[in-house]
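Subject: Handing over the structure, with notes

Dear colleague,

I am passing on a structure for you to look through, and my notes follow below it. Please keep the display open while you read, so that you can find each place as it comes up.

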Amino acid sequence: MNIKDLGYWFRDFWAEFRREGSGLVGLALLILFLLVTIFENPLLPFKETNSRWRDITYWQDNPINAPPVWTNLFAQKKAARTINLEKGKREELTDDEGNSYVQDSFLYHFTADKAPLDIIFHSTIQGMVPYIIEVERPDGTTIQLTQQYFEYSDTTPVRISVNNDGKDSLFTFLKIHDSEDNLSMVSSGSIRSTEILFNKAREGMAGSFEALKGDYRFIIKALVLDPDQFVLQDSHIVVTGSVSGLLGTDNMKRDIFSGLVAGLKWALFIGLFTSAVSVLIGVFYGIMSAYFGGIVDTIMQFIYQIFVSIPLLPVLIVVSAVFKPSIWFLIGVMVIFFWPGSVMTVRSMAFQIKEETYIEAARALGAGHRRIIFNHMAPLLIPYSFASMALSVPSAIVYESSVSLLGLGDASIVTWGQILHDAMLGNAILNGLWWWVIPPGLAIAIMGMTFAFLGFAMDRILHPKLRTR
């Protein structure tokens, strides 16, 4: 089959494929998955998801077990959402005594009915740096949240949490506005700092929260003691809200949407690579079994019967438990047991093809076995492998997810099965964390449905043509 013949075949195939509604749906979904995989990095809210999925320090600014942001649409009281304030205003100031300051300020527009869980400040510092954090509230009040001193010979990242480092300052602010009776019920250690910071200044604010909505200006101010050694850079603020991201967070504060996007390429790779290798092996195995016939066919069919009768999932579970699981190991085991799937159909077709006149003519002209199999028989049967590959992809994805769900998958990569395994360990269903379970489960189902639609469509198109040869 030359390039010109392949072009004619593809045009005929596409003309028929366009009439298959389910096939077009599957193709549209596959294109969408491929686009998400290609543009993964811009789509990832957390760029280091692939390499730091299990690094708890990478996710420490996120809320734990937070529902998705869009759940606010169905809530009577709106929760503050998690956002990153990166674009601050840099100023260099000098006070009346001649001291130089570097000041980064960030504007946060608070419109929710519930206070954020925390406000976290990040900077990279070098030298001897007195470090002050202040906030200007919408009511005109300015509160100094914390004052610290850092001394680093090299540039070092610092992280300051209002909930941890601002408790004393906010308790002092609380004592100014609330009564002694109300204050007797709380202490600086028991209050949640953000519920004071975003609360209206009034009597009773210690016991109830009434949101003070408006613009909050957070100020990071650093005194420049030695200009030659002073560094203050990469300042930004994370507002940790009660809702976070498109699909929420898990019990390790990881962003579920980032995990789904990062796991997509592995689902495609596992499914496509496993099915392609196993189906090609099965196709050529079936061709050779039919072509040589006799004792060769008997032996090959005996081997086939052994492999086809062994259940794959128990084997995967056992070998994954015994050996160190890796994605390549799982793919190898699946290929070993997937290849028999297309053997019998290909073998029956190959029996018919080898009796064709042009095969006899090729033998008469001295063509060898290799030339007949690869040049005359395989091109007629390869199109069938496309349908078989598509139908095998869902099985490969489900098997990997099943093994990962049991904790026997490759923990070094992010897969949808690993996310479900972590959800099972975290009792997500019992705790009502549906956003941790439904999205990866639905993603596996949609991926399987995509290739099932493609496989069924190609099956209906290609089989009649093969039977008429």
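Before anything else, one cut-off is needed: a residue counts as buried when its relative accessible area is under 20%, as exposed when that area is over 50%, and as partly exposed in between. Glu92 has a relative accessibility of 69%, so by this cut-off Glu92 counts as exposed.

Please bear in mind that this is a predicted model. The mean pLDDT of the chain is 87, and 97% of the residues reach 70 or more. Confidence is lowest in helix α1, residues 3–17, where the mean is 69, whereas strand β6, residues 214–223, has the highest, at 94. Over residues 465–469 the pLDDT falls below 50, and this stretch has 8 contacts in the model once near neighbours in sequence are set aside.

The overall form

The chain has 17 helices and 7 strands. Its radius of gyration is 32 Å, which is well over the 23 Å that the globule rule gives for 469 residues, and therefore the chain is more spread out than a compact globule. Taken along the principal axes, the C-alpha atoms fill a box of roughly 105 × 50 × 45 Å. Of the 469 residues, 48% count as buried, and the chain exposes about 23,100 Å², with carbon and sulfur atoms supplying 60% of that area. Among the contacts with a separation of 6 or more, 74% are between residues 24 or more positions apart. As for charge, the chain has 37 positive and 44 negative charges, and their mean positions lie 13 Å apart.

Strand β2

Which strand holds Lys89? Lys89 lies in strand β2, which covers residues 89–94, and Glu92 lies in strand β2 as well. Lys89 has a relative accessibility of 52% and so counts as exposed. Leaving aside neighbours within four places in sequence, Lys89 is in contact with Gln103, Asp104 and Ser105; for the pair Lys89 and Gln103, which are 14 residues apart in sequence, the C-alpha atoms are 7.9 Å apart in space. Glu92, with residues up to four places away again not counted, touches Tyr101 and Val102.

Not counting residues up to four places away in sequence, Ser258 touches Leu44, Pro45, Phe46 and Thr49.

The loop between α4 and β1

Trp70 is found in the loop between α4 and β1, and Trp70 is partly exposed, with a relative accessible area of 36%. With residues up to four places away in sequence not counted, Trp70 touches Leu246 and Trp434. Trp70 and Ala350, by contrast, are 56 Å apart from C-alpha to C-alpha, and they are 280 residues apart in sequence.

Asn65 is found in the loop between α4 (49–52) and β1 (83–85) too, and its relative accessible area of 26% makes it partly exposed. Asn65 also has a positive phi, of about 50°, although it is not a glycine. Most residues other than glycine have a negative phi.

The loop between α16 and α17

What is the phi of Asn427? Asn427 has a positive phi of about 50°, and it is not a glycine. This residue lies in the loop between α16 (416–425) and α17 (434–467), and at 40% relative accessibility Asn427 counts as partly exposed.

With kind regards

Key
Residues numbered from 1 in each chain as written. Predicted model: local features only at pLDDT ≥ 70, side-chain atom pairs only at ≥ 80, totals over all residues. Heavy atoms only, no water. pLDDT = per-residue confidence, 0-100. Helix = DSSP H or I, 4+ residues; strand = E, 2+ residues; numbered from the N terminus. Contact = heavy atoms within 4.5 Å. Rg over C-alpha atoms; globule rule 2.2 N^0.38 Å. Buried < 20%, exposed > 50% of the residue type's maximum accessible area, 1.4 Å probe, protein only. Areas by Shrake-Rupley, 256 points an atom, 1.4 Å probe, with all protein chains shown as cover. Lys, Arg positive; Asp, Glu negative; His and termini not counted. Charge placed at Lys NZ, Arg CZ, Asp CG, Glu CD.
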